[in-house]
Amino acid sequence: RVGLAGWEAARPGQLSGGMQQRVGLARALALDPDILLMDEAFSALDPLIRRDMQDELLRLQDDVRKTIVFISHDLDEALKIGDRIVLMRDGAVVQVGTPEDILTSPADDYVARFVADVDIARVLTAGTVMKRSEAVAVLGVDGPRTALRKMRNHAIATLFVLDRNHKLVGLVTADDIADHMAGGERDLAAIMRTDITTVPTDAPASELIPLMAGLPHPLAVTDERGRLAGVIVRGLLLGALAERGGNV
């Protein structure tokens, strides 16, 4: 008999398909294996539960950090949960690579046909389309005049501001600096805006387009420590999608 939080004790056969899969996954992880083999583990589930199980597996993987060999005939599933994908045909390996490798550089016509209907915007991430910021300002080091000079030298009108630990803390615009300097302000912290939109490096490109629609400045990409990893400008994002055959 199986006891589950919020459920009365039940026999395995009385559980739903999704709950049975959760129990099976828990039993496998309880053995603490070095490698976990999952052979089409979610194929018999309905689409909603299947997505829930995929999300659950990704959450677990963040915690347990196991090597998981996941076999699937569903390309979308492989793209969602796989760090590296192995495509096979007639028992032979055709291509091995990251999801982006598979979609943007198919090894042959078979792979190209296999991935033809995939929306590239769901696979590209902020980290793959961003660029390094041309210049930044550092609190306690740069003042308003220095920030303006950096903007002029790099032909930009917005500057992201970092603290001494390279953590992103805000941004300043040329107009904001000009307005405050007229009043004698010399502290960049008093000028910068702190309510800025940021995305992590693994944010899907499909989520970036609506975010950038109303932004008057580049979109900041941050790493897990809150440091500025790069920036995305609208033209850069749309160009990357168009180059790789995505929807824009």
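**Salt bridges and an open sheet**

Arg 50 and Glu 77 are joined through their side chains by a salt bridge, with an N to O distance of 3.1 Å. Because Arg 50 belongs to helix α2 and Glu 77 to helix α3, this pair ties together parts that are 27 residues apart in sequence. The model is a predicted one, and a search of the whole structure finds 8 salt bridges.

- Asp 74 lies in the loop between β2 (67-71) and α3 (75-81), and Arg 50 in helix α2 (residues 47-64), so the contact links parts 24 residues apart in sequence.
- Arg 50 counts as buried at 17% relative accessibility, as does Glu 77 at 2%, whereas Asp 74 is partly exposed at 27%.
- Through shared partners, salt bridges join Arg 50, Asp 74 and Glu 77 into one network.

**The pair Arg 193 and Asp 176**

- The closest N and O atoms of the salt bridge between Arg 193 and Asp 176 are 2.7 Å apart.
- Arg 193 is partly exposed, at 36% relative accessibility, while Asp 176 is buried, at 14%.

**The open sheet**

- An open sheet with mixed pairing is formed by 3 strands in the order β8-β9-β10.
- β8 (198-200) and β10 (228-232) each have a single partner strand, so one side of each is left without a neighbour in the sheet.
- β8 pairs with β9 (residues 219-222) in the parallel sense over 3 bridges, and Pro 200 stands opposite Thr 222 in β9.

Definitions and conventions:
Residues are numbered from 1 along each chain as its sequence is written. This is a predicted model: local features need pLDDT of at least 70, side-chain atom pairs count only at pLDDT 80 or more; totals for chains, interfaces and linings use all residues. Side-chain values use heavy atoms; hydrogens and water are left out. Two strands pair if DSSP finds at least two bridges between them. Helices (H or I, at least four residues) and strands (E, at least two) are DSSP runs, numbered from the N terminus. A salt bridge is a side-chain nitrogen of Lys or Arg within 4 Å of a carboxyl oxygen of Asp or Glu. Buried means under 20% relative accessible area, exposed over 50%, partly exposed in between (1.4 Å probe, protein chains only).
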